[in-house]
Amino acid sequence: MQSFKTWFEPIKPVRLDNDILTIQVPNQFFYEWLEEHYLGLLKKTIKSELGDKGRLEYQILLDQQASESQRGGSWINEDVEMINANQIQNPFVIPGIKKMRVDPQLNSWYTFDTFVEGDCNRLARSAGIAVADRPGATAFNPLVIFGDVGLGKTHLAHAIGNAIVQNGSNKTVLYVSIEKFSNQIIQAIKNNSINDLINFYQLVDVLIVDDIQFLANRTKTQEIFFHIFNQLHQSQKQIVLTSDRPPKDLDGLEERLISRFKWGLNADLQIPDLETRIAILHKKAEKERTSIPEKVLEYICYHVNSNVRELEGVLISLVAQASLNNKKITVELAKEVIQNFVQRQHKEINVANIQNIVAEHFGLPVARISSKTRKREVVMARQVAMYLSKNLTDEPLKAIGEEFGGRDHSTVIYAIKAVQDLLDTDQEFRSSMQSLEKKIKMTLAY
Ligand code: ADP
Ligand code: MG
(Lines give C-alpha, C1' and ligand atoms only; values in the text may rest on other atoms or scores of the structure.)
(Ligands and ions follow the chains in the order given, each with its own letter.)
Protein backbone atom coordinates (compact mmCIF):
# COMPACT_ATOMS: atom_id res chain seq x y z
CA MET A 1 0.00 0.00 0.00
CA GLN A 2 2.76 2.38 0.97
CA SER A 3 4.56 1.53 -2.24
CA PHE A 4 1.47 2.20 -4.28
CA LYS A 5 1.25 5.58 -2.66
CA THR A 6 4.91 6.29 -3.23
CA TRP A 7 5.33 4.93 -6.72
CA PHE A 8 1.98 4.91 -8.45
CA GLU A 9 -0.06 7.74 -7.10
CA PRO A 10 2.31 10.42 -8.39
CA ILE A 11 2.10 9.03 -11.94
CA LYS A 12 0.02 11.12 -14.33
CA PRO A 13 -1.41 9.68 -17.53
CA VAL A 14 -0.51 11.89 -20.50
CA ARG A 15 -2.02 10.24 -23.51
CA LEU A 16 -2.95 6.99 -25.14
CA ASP A 17 -2.01 6.97 -28.75
CA ASN A 18 -1.69 4.01 -31.13
CA ASP A 19 -1.30 1.46 -28.37
CA ILE A 20 1.27 3.67 -26.73
CA LEU A 21 0.47 4.81 -23.26
CA THR A 22 2.47 7.81 -22.13
CA ILE A 23 2.78 8.50 -18.46
CA GLN A 24 4.46 11.29 -16.64
CA VAL A 25 6.73 10.55 -13.69
CA PRO A 26 8.23 13.11 -11.32
CA ASN A 27 11.88 12.40 -12.01
CA GLN A 28 14.56 10.21 -13.47
CA PHE A 29 14.95 8.21 -10.36
CA PHE A 30 11.29 7.44 -10.36
CA TYR A 31 11.53 6.07 -13.83
CA GLU A 32 14.49 3.90 -12.97
CA TRP A 33 12.79 2.64 -9.88
CA LEU A 34 9.63 1.65 -11.72
CA GLU A 35 11.64 -0.11 -14.35
CA GLU A 36 13.71 -1.92 -11.83
CA HIS A 37 10.99 -3.01 -9.47
CA TYR A 38 7.79 -3.11 -11.41
CA LEU A 39 8.91 -4.09 -14.88
CA GLY A 40 7.10 -7.43 -14.79
CA LEU A 41 3.92 -5.97 -13.46
CA LEU A 42 3.98 -3.13 -15.99
CA LYS A 43 4.61 -5.44 -18.89
CA LYS A 44 1.81 -7.73 -17.87
CA THR A 45 -0.65 -4.93 -17.36
CA ILE A 46 0.17 -3.22 -20.65
CA LYS A 47 -0.21 -6.49 -22.45
CA SER A 48 -3.54 -7.31 -20.88
CA GLU A 49 -4.91 -3.80 -21.40
CA LEU A 50 -3.46 -2.85 -24.78
CA GLY A 51 -2.60 -6.17 -26.31
CA ASP A 52 0.68 -7.45 -27.68
CA LYS A 53 1.50 -4.22 -29.45
CA GLY A 54 0.97 -2.19 -26.33
CA ARG A 55 3.84 0.01 -25.22
CA LEU A 56 4.60 2.29 -22.42
CA GLU A 57 6.44 5.56 -22.66
CA TYR A 58 7.57 7.88 -19.95
CA GLN A 59 7.77 11.58 -19.66
CA ILE A 60 10.09 12.75 -17.01
CA LEU A 61 9.08 15.90 -15.31
CA LEU A 62 12.24 17.43 -14.13
CA ASP A 63 12.24 21.11 -14.85
CA GLN A 64 9.36 21.77 -12.60
CA GLN A 65 10.74 19.74 -9.77
CA ALA A 66 14.09 21.42 -9.95
CA SER A 67 12.70 24.90 -9.93
CA GLU A 68 10.39 24.05 -7.10
CA SER A 69 13.12 22.62 -5.02
CA GLN A 70 15.22 25.67 -5.59
CA ARG A 71 12.57 27.79 -4.08
CA GLY A 72 12.24 25.45 -1.17
CA GLY A 73 15.93 25.59 -0.31
CA SER A 74 18.45 24.82 -2.97
CA TRP A 75 19.35 21.22 -2.97
CA ILE A 76 19.65 20.90 -6.66
CA ASN A 77 22.25 22.85 -8.51
CA GLU A 78 21.13 25.53 -10.89
CA ASP A 79 23.09 24.02 -13.69
CA VAL A 80 21.60 20.63 -13.21
CA GLU A 81 21.75 18.69 -16.39
CA MET A 82 18.09 18.47 -16.91
CA ILE A 83 16.92 15.28 -18.32
CA ASN A 84 14.49 16.84 -20.67
CA ALA A 85 10.96 15.80 -20.98
CA ASN A 86 11.61 13.78 -24.11
CA GLN A 87 9.89 10.52 -24.11
CA ILE A 88 12.11 7.66 -23.44
CA GLN A 89 11.59 5.33 -26.31
CA ASN A 90 11.76 1.80 -25.12
CA PRO A 91 10.60 1.57 -21.59
CA PHE A 92 11.96 -1.86 -21.07
CA VAL A 93 15.53 -0.99 -21.74
CA ILE A 94 17.12 1.61 -19.61
CA PRO A 95 18.90 3.88 -22.05
CA GLY A 96 22.14 5.62 -21.19
CA ILE A 97 20.60 8.61 -19.62
CA LYS A 98 22.74 11.19 -17.98
CA LYS A 99 22.57 11.06 -14.26
CA MET A 100 20.96 14.01 -12.60
CA ARG A 101 23.59 16.12 -10.95
CA VAL A 102 23.03 17.22 -7.41
CA ASP A 103 25.09 19.96 -5.84
CA PRO A 104 26.76 18.16 -2.94
CA GLN A 105 26.78 21.34 -0.81
CA LEU A 106 30.37 20.76 0.23
CA ASN A 107 32.89 23.25 1.50
CA SER A 108 35.97 22.57 -0.56
CA TRP A 109 38.43 23.71 2.07
CA TYR A 110 37.41 20.98 4.47
CA THR A 111 39.48 18.09 3.18
CA PHE A 112 41.54 15.30 4.69
CA ASP A 113 44.63 17.24 3.68
CA THR A 114 43.69 20.16 5.86
CA PHE A 115 42.54 17.94 8.70
CA VAL A 116 45.48 17.34 11.01
CA GLU A 117 45.75 13.85 12.40
CA GLY A 118 46.32 13.23 16.10
CA ASP A 119 45.49 10.72 18.81
CA CYS A 120 42.36 12.73 19.40
CA ASN A 121 40.88 11.93 16.00
CA ARG A 122 42.73 8.92 14.64
CA LEU A 123 39.85 6.47 14.60
CA ALA A 124 37.30 8.88 13.18
CA ARG A 125 39.72 10.12 10.56
CA SER A 126 40.78 6.71 9.33
CA ALA A 127 37.23 5.42 9.32
CA GLY A 128 36.37 8.49 7.28
CA ILE A 129 39.09 7.69 4.79
CA ALA A 130 37.95 4.08 4.55
CA VAL A 131 34.40 5.19 3.90
CA ALA A 132 35.55 7.67 1.29
CA ASP A 133 37.49 4.93 -0.49
CA ARG A 134 34.63 2.49 -0.56
CA PRO A 135 31.38 4.25 0.20
CA GLY A 136 28.68 1.86 1.29
CA ALA A 137 30.99 -1.11 1.09
CA THR A 138 32.59 -1.05 4.53
CA ALA A 139 31.18 -2.08 7.87
CA PHE A 140 31.10 1.59 8.81
CA ASN A 141 27.56 2.25 7.75
CA PRO A 142 26.38 4.48 9.15
CA LEU A 143 29.58 6.18 10.23
CA VAL A 144 28.69 8.34 13.21
CA ILE A 145 31.26 10.95 14.18
CA PHE A 146 30.61 12.47 17.55
CA GLY A 147 32.32 14.94 19.86
CA ASP A 148 32.02 18.30 21.54
CA VAL A 149 31.53 21.51 19.68
CA GLY A 150 34.47 22.80 17.68
CA LEU A 151 36.38 19.53 17.49
CA GLY A 152 36.12 18.98 13.75
CA LYS A 153 32.96 16.95 13.12
CA THR A 154 31.75 19.18 10.30
CA HIS A 155 35.23 19.39 8.83
CA LEU A 156 35.58 15.62 8.75
CA ALA A 157 32.10 15.16 7.33
CA HIS A 158 32.90 17.49 4.42
CA ALA A 159 36.29 15.83 3.96
CA ILE A 160 34.62 12.49 3.36
CA GLY A 161 32.26 14.04 0.84
CA ASN A 162 35.00 15.93 -0.95
CA ALA A 163 37.18 12.84 -1.21
CA ILE A 164 34.35 10.87 -2.78
CA VAL A 165 33.55 13.62 -5.26
CA GLN A 166 37.21 13.92 -6.17
CA ASN A 167 37.91 10.27 -6.73
CA GLY A 168 35.77 10.45 -9.81
CA SER A 169 33.43 7.60 -9.00
CA ASN A 170 30.50 9.72 -10.09
CA LYS A 171 28.64 9.06 -6.91
CA THR A 172 25.95 11.48 -5.90
CA VAL A 173 27.04 13.03 -2.62
CA LEU A 174 24.89 15.28 -0.50
CA TYR A 175 25.75 17.14 2.68
CA VAL A 176 22.86 18.47 4.70
CA SER A 177 22.44 19.73 8.23
CA ILE A 178 19.49 18.59 10.27
CA GLU A 179 18.31 22.19 10.35
CA LYS A 180 18.11 22.32 6.60
CA PHE A 181 16.66 18.86 6.29
CA SER A 182 13.98 19.74 8.77
CA ASN A 183 13.12 22.92 6.87
CA GLN A 184 12.83 20.97 3.65
CA ILE A 185 10.36 18.69 5.32
CA ILE A 186 8.28 21.54 6.62
CA GLN A 187 8.24 23.05 3.14
CA ALA A 188 7.38 19.75 1.56
CA ILE A 189 4.50 19.20 3.91
CA LYS A 190 3.19 22.61 3.02
CA ASN A 191 3.53 21.93 -0.68
CA ASN A 192 2.23 18.43 -0.40
CA SER A 193 5.43 17.10 -1.92
CA ILE A 194 6.83 14.80 0.72
CA ASN A 195 7.06 12.00 -1.80
CA ASP A 196 9.17 14.13 -4.10
CA LEU A 197 11.46 14.86 -1.25
CA ILE A 198 11.80 11.23 -0.31
CA ASN A 199 12.36 10.31 -3.92
CA PHE A 200 14.97 12.96 -4.24
CA TYR A 201 16.91 11.62 -1.27
CA GLN A 202 16.89 8.20 -2.85
CA LEU A 203 19.02 9.56 -5.66
CA VAL A 204 21.82 10.07 -3.23
CA ASP A 205 24.66 7.56 -2.95
CA VAL A 206 26.38 9.19 -0.02
CA LEU A 207 24.24 11.07 2.44
CA ILE A 208 26.04 13.18 5.03
CA VAL A 209 23.87 14.57 7.79
CA ASP A 210 25.37 17.02 10.24
CA ASP A 211 24.28 17.53 13.85
CA ILE A 212 21.72 14.80 14.30
CA GLN A 213 21.26 15.82 17.93
CA PHE A 214 18.88 18.41 16.49
CA LEU A 215 16.54 15.62 15.50
CA ALA A 216 15.49 15.61 19.14
CA ASN A 217 11.75 16.04 19.57
CA ARG A 218 11.11 16.66 15.89
CA THR A 219 8.75 13.80 15.33
CA LYS A 220 7.95 14.36 11.69
CA THR A 221 11.56 14.93 10.76
CA GLN A 222 12.54 11.77 12.59
CA GLU A 223 9.90 9.80 10.79
CA ILE A 224 10.97 10.92 7.32
CA PHE A 225 14.60 10.59 8.24
CA PHE A 226 13.99 7.05 9.40
CA HIS A 227 12.35 6.25 6.12
CA ILE A 228 15.15 7.71 4.04
CA PHE A 229 17.79 6.12 6.22
CA ASN A 230 16.28 2.69 5.75
CA GLN A 231 15.91 3.02 2.01
CA LEU A 232 19.48 4.15 1.57
CA HIS A 233 20.94 1.65 3.96
CA GLN A 234 19.09 -1.18 2.30
CA SER A 235 20.55 -0.26 -1.04
CA GLN A 236 24.06 -0.11 0.42
CA LYS A 237 24.27 3.62 0.12
CA GLN A 238 26.70 5.27 2.50
CA ILE A 239 25.40 7.29 5.42
CA VAL A 240 27.62 9.59 7.48
CA LEU A 241 26.23 11.30 10.56
CA THR A 242 27.64 13.69 13.12
CA SER A 243 26.44 14.32 16.62
CA ASP A 244 27.56 16.28 19.63
CA ARG A 245 27.21 13.20 21.82
CA PRO A 246 27.31 9.44 21.44
CA PRO A 247 24.13 8.08 19.87
CA LYS A 248 23.19 6.24 23.05
CA ASP A 249 22.95 9.59 24.85
CA LEU A 250 20.72 11.27 22.28
CA ASP A 251 17.61 12.38 24.11
CA GLY A 252 14.28 12.93 22.46
CA LEU A 253 15.02 10.43 19.73
CA GLU A 254 13.06 7.35 18.90
CA GLU A 255 14.70 4.15 20.02
CA ARG A 256 14.48 2.64 16.53
CA LEU A 257 16.60 5.49 15.19
CA ILE A 258 19.18 5.24 17.93
CA SER A 259 19.51 1.53 17.38
CA ARG A 260 20.19 2.11 13.69
CA PHE A 261 22.85 4.66 14.49
CA LYS A 262 24.68 1.93 16.33
CA TRP A 263 24.72 -0.41 13.33
CA GLY A 264 27.92 0.90 11.88
CA LEU A 265 30.79 2.63 13.62
CA ASN A 266 30.59 5.34 16.25
CA ALA A 267 33.88 7.22 16.39
CA ASP A 268 34.60 10.11 18.68
CA LEU A 269 36.70 13.25 18.46
CA GLN A 270 38.59 14.42 21.53
CA ILE A 271 40.34 17.64 22.42
CA PRO A 272 43.68 17.60 20.60
CA ASP A 273 46.83 17.43 22.69
CA LEU A 274 49.42 20.19 22.59
CA GLU A 275 51.43 18.85 19.65
CA THR A 276 48.33 18.37 17.55
CA ARG A 277 47.08 21.84 18.46
CA ILE A 278 50.36 23.31 17.29
CA ALA A 279 50.18 21.36 14.03
CA ILE A 280 46.60 22.52 13.48
CA LEU A 281 47.51 26.13 14.13
CA HIS A 282 50.36 25.86 11.65
CA LYS A 283 47.89 24.72 9.01
CA LYS A 284 45.55 27.57 9.81
CA ALA A 285 48.36 30.12 9.71
CA GLU A 286 49.33 28.74 6.32
CA LYS A 287 45.79 29.23 5.17
CA GLU A 288 45.77 32.81 6.43
CA ARG A 289 49.06 33.28 4.59
CA THR A 290 50.68 34.88 7.60
CA SER A 291 53.86 33.86 9.18
CA ILE A 292 53.58 33.81 12.89
CA PRO A 293 56.56 33.38 15.15
CA GLU A 294 56.79 29.87 16.52
CA LYS A 295 56.87 31.22 20.07
CA VAL A 296 53.54 32.92 19.54
CA LEU A 297 51.93 29.83 18.06
CA GLU A 298 53.10 27.78 21.00
CA TYR A 299 51.88 30.33 23.47
CA ILE A 300 48.43 30.28 21.95
CA CYS A 301 48.32 26.50 21.96
CA TYR A 302 49.37 26.28 25.58
CA HIS A 303 46.58 28.58 26.61
CA VAL A 304 43.71 27.71 24.37
CA ASN A 305 42.91 24.10 24.96
CA SER A 306 39.16 23.92 24.90
CA ASN A 307 38.54 23.33 21.21
CA VAL A 308 39.87 23.95 17.76
CA ARG A 309 37.34 26.56 16.79
CA GLU A 310 38.48 28.75 19.66
CA LEU A 311 42.08 28.19 18.71
CA GLU A 312 41.30 29.35 15.21
CA GLY A 313 39.34 32.33 16.52
CA VAL A 314 42.30 33.52 18.56
CA LEU A 315 44.59 33.20 15.56
CA ILE A 316 42.30 35.16 13.31
CA SER A 317 41.73 37.95 15.77
CA LEU A 318 45.44 38.09 16.49
CA VAL A 319 46.19 38.56 12.81
CA ALA A 320 43.45 41.15 12.54
CA GLN A 321 44.63 43.06 15.60
CA ALA A 322 48.17 43.14 14.31
CA SER A 323 47.28 44.39 10.87
CA LEU A 324 44.66 46.90 11.99
CA ASN A 325 46.87 48.49 14.59
CA ASN A 326 50.01 47.98 12.64
CA LYS A 327 51.54 45.96 15.42
CA LYS A 328 53.97 43.11 15.32
CA ILE A 329 52.68 39.68 16.18
CA THR A 330 54.23 38.99 19.55
CA VAL A 331 53.54 36.90 22.61
CA GLU A 332 52.41 40.06 24.35
CA LEU A 333 49.80 40.77 21.72
CA ALA A 334 48.69 37.14 21.76
CA LYS A 335 48.23 37.37 25.50
CA GLU A 336 45.99 40.42 25.09
CA VAL A 337 43.94 38.76 22.40
CA ILE A 338 43.49 35.61 24.43
CA GLN A 339 42.44 37.58 27.47
CA ASN A 340 39.76 39.30 25.46
CA PHE A 341 38.82 36.24 23.56
CA VAL A 342 38.71 33.46 26.03
CA GLN A 343 37.20 34.15 29.36
CA ARG A 344 39.46 31.68 30.94
CA GLN A 345 39.56 31.18 34.60
CA HIS A 346 43.25 31.64 35.07
CA LYS A 347 44.27 28.48 36.71
CA GLU A 348 46.05 29.14 39.91
CA ILE A 349 49.55 27.95 40.37
CA ASN A 350 49.15 25.46 43.15
CA VAL A 351 50.29 21.97 44.03
CA ALA A 352 47.28 20.23 42.48
CA ASN A 353 47.65 22.01 39.16
CA ILE A 354 51.37 21.35 39.10
CA GLN A 355 50.68 17.67 39.70
CA ASN A 356 48.32 17.69 36.74
CA ILE A 357 50.83 19.16 34.36
CA VAL A 358 53.66 16.95 35.57
CA ALA A 359 51.49 13.86 35.26
CA GLU A 360 50.58 14.81 31.71
CA HIS A 361 54.24 15.45 30.93
CA PHE A 362 55.21 11.99 32.14
CA GLY A 363 52.16 10.39 30.56
CA LEU A 364 50.77 9.18 33.89
CA PRO A 365 47.28 9.44 35.35
CA VAL A 366 47.49 12.15 37.99
CA ALA A 367 46.30 9.87 40.77
CA ARG A 368 49.44 7.78 40.40
CA ILE A 369 51.59 10.68 41.54
CA SER A 370 50.15 10.57 45.04
CA SER A 371 49.76 6.81 45.17
CA LYS A 372 51.87 4.45 47.24
CA THR A 373 53.69 2.90 44.32
CA ARG A 374 57.48 2.91 44.17
CA LYS A 375 57.72 2.21 40.49
CA ARG A 376 60.67 4.10 39.11
CA GLU A 377 58.90 6.27 36.58
CA VAL A 378 56.21 7.20 39.08
CA VAL A 379 58.76 8.02 41.78
CA MET A 380 60.54 10.24 39.29
CA ALA A 381 57.37 12.12 38.37
CA ARG A 382 56.45 12.46 42.03
CA GLN A 383 59.84 13.87 42.97
CA VAL A 384 59.76 16.31 40.07
CA ALA A 385 56.29 17.49 41.07
CA MET A 386 57.44 17.96 44.66
CA TYR A 387 60.49 19.89 43.53
CA LEU A 388 58.44 22.18 41.32
CA SER A 389 55.80 22.66 44.00
CA LYS A 390 58.50 23.83 46.37
CA ASN A 391 60.04 26.15 43.80
CA LEU A 392 56.90 27.62 42.30
CA THR A 393 54.51 27.91 45.25
CA ASP A 394 54.79 29.31 48.75
CA GLU A 395 53.55 26.13 50.36
CA PRO A 396 55.55 24.87 53.32
CA LEU A 397 57.19 21.44 52.97
CA LYS A 398 54.71 19.86 55.32
CA ALA A 399 51.70 20.99 53.29
CA ILE A 400 53.33 19.80 50.08
CA GLY A 401 53.99 16.38 51.58
CA GLU A 402 50.36 16.11 52.61
CA GLU A 403 49.16 16.79 49.12
CA PHE A 404 51.21 13.88 47.86
CA GLY A 405 49.19 11.19 49.57
CA GLY A 406 50.00 12.34 53.11
CA ARG A 407 53.74 11.99 52.91
CA ASP A 408 56.19 13.29 55.43
CA HIS A 409 58.08 16.58 54.97
CA SER A 410 61.34 14.65 55.02
CA THR A 411 60.20 12.80 51.89
CA VAL A 412 59.80 16.16 50.20
CA ILE A 413 63.28 17.24 51.26
CA TYR A 414 64.68 13.99 49.93
CA ALA A 415 62.85 14.51 46.62
CA ILE A 416 64.17 18.02 46.19
CA LYS A 417 67.70 16.81 46.78
CA ALA A 418 67.32 13.93 44.34
CA VAL A 419 66.03 16.23 41.61
CA GLN A 420 68.77 18.77 42.30
CA ASP A 421 71.41 16.05 41.93
CA LEU A 422 70.00 15.02 38.60
CA LEU A 423 69.84 18.61 37.42
CA ASP A 424 73.51 18.99 38.27
CA THR A 425 74.62 15.87 36.49
CA ASP A 426 72.21 15.02 33.68
CA GLN A 427 72.05 17.34 30.70
CA GLU A 428 69.03 15.65 29.17
CA PHE A 429 67.10 15.76 32.40
CA ARG A 430 67.97 19.42 32.77
CA SER A 431 66.49 20.39 29.43
CA SER A 432 63.41 18.29 30.01
CA MET A 433 62.93 20.11 33.34
CA GLN A 434 63.32 23.43 31.60
CA SER A 435 60.56 22.71 29.16
CA LEU A 436 58.34 21.38 31.91
CA GLU A 437 58.87 24.50 33.96
CA LYS A 438 58.13 26.65 30.94
CA LYS A 439 54.92 24.74 30.36
CA ILE A 440 53.79 25.30 33.92
CA LYS A 441 54.57 28.98 33.81
CA MET A 442 52.78 29.38 30.53
CA THR A 443 49.73 27.39 31.51
CA LEU A 444 49.20 28.59 35.03
CA ALA A 445 48.84 32.15 36.23
CA TYR A 446 52.37 32.96 37.15
P1 ADP B 1 32.34 20.83 14.95
O2 ADP B 1 31.53 20.56 13.73
O3 ADP B 1 32.78 19.59 15.65
O4 ADP B 1 31.72 21.80 15.89
P5 ADP B 1 34.14 22.01 13.05
O6 ADP B 1 34.30 20.86 12.11
O7 ADP B 1 33.29 23.13 12.63
O8 ADP B 1 33.70 21.49 14.49
O9 ADP B 1 35.61 22.52 13.41
C10 ADP B 1 35.85 23.80 13.92
C11 ADP B 1 37.09 24.35 13.26
O12 ADP B 1 38.21 23.61 13.70
C13 ADP B 1 37.03 24.22 11.76
O14 ADP B 1 37.52 25.40 11.18
C15 ADP B 1 37.95 23.06 11.46
O16 ADP B 1 38.60 23.25 10.23
C17 ADP B 1 38.92 23.12 12.59
N18 ADP B 1 39.48 21.81 12.95
C19 ADP B 1 38.98 20.92 13.84
N20 ADP B 1 39.75 19.84 13.92
C21 ADP B 1 40.77 20.02 13.06
C22 ADP B 1 41.91 19.24 12.68
N23 ADP B 1 42.16 18.05 13.23
N24 ADP B 1 42.74 19.77 11.76
C25 ADP B 1 42.50 20.97 11.22
N26 ADP B 1 41.46 21.74 11.52
C27 ADP B 1 40.59 21.29 12.44
MG1 MG C 1 29.66 21.26 13.17
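This is a predicted model: local features need pLDDT of at least 70, side-chain atom pairs count only at pLDDT 80 or more; totals for chains, interfaces and linings use all residues.

Reader: OK, which residues come nearest to ligand 1?
Author: Val-116, Gly-150, Thr-154, His-155 and Glu-312, out of 18 residues around ligand 1. A residue is near if one of its heavy atoms lies within 4 Å.

Reader: And what are the classes in that shell?
Author: Seven nonpolar, six polar and five charged residues. Here Ala, Val, Leu, Ile, Met, Phe, Trp, Tyr, Cys and Pro count as nonpolar, Asp, Glu, Lys and Arg as charged, and the others, Gly among them, as polar.

Reader: What lies 2.8 Å from an oxygen atom of ligand 1?
Author: A polar side-chain atom of Thr-154 does, and so does one of Lys-153. Gly-150 uses its backbone instead, with an N or O atom 2.7 Å from a ligand oxygen. A polar contact is a pair of N or O atoms within 3.5 Å.

Reader: How much of ligand 1 does the protein cover?
Author: 95% of the 560 Å² of accessible area that the ligand has on its own, by the Shrake-Rupley method with a 1.4 Å probe.

Reader: Which helices supply the shell?
Author: Helix 5 (153–166), helix 10 (274–288) and helix 12 (308–324) each give at least two residues. Helices (H or I, at least four residues) and strands (E, at least two) are DSSP runs, numbered from the N terminus.

Reader: Switching topic: what's the strand order in the open sheet?
Author: 5-6-7-4-8, five strands with parallel pairing. Two strands pair if DSSP finds at least two bridges between them.

Reader: Why is one side of strand 5 and of strand 8 left without a neighbour?
Author: Strand 5 (173–177) and strand 8 (265–269) stand at the edges and each has a single partner strand, so one side of each has no neighbour in the sheet.

Reader: What joins strand 4 to strand 8?
Author: Five bridges, with strand 4 covering residues 143–147. In one pairing, Val-144 has Asn-266 as its bridge partner.

Reader: Where's the cis peptide bond?
Author: Between Asn-141 and Pro-142, with omega about 5 degrees. Pro-142 sits in the loop between helix 4 (122–133) and strand 4.

Reader: And what is phi for Asn-192?
Author: Near 60 degrees, a positive value in a non-glycine residue. Asn-192 lies in the loop between helix 6 (178–191) and helix 7 (194–201).

Terms used:
Residues are numbered from 1 along each chain as its sequence is written. Chains are lettered from A and ligands numbered from 1 in the order in which they are written. Side-chain values use heavy atoms; hydrogens and water are left out. A polar contact is a pair of N or O atoms within 3.5 Å; within protein, one must be able to donate a hydrogen and the other to accept it, and residues adjacent in sequence count only if both atoms are side-chain atoms.
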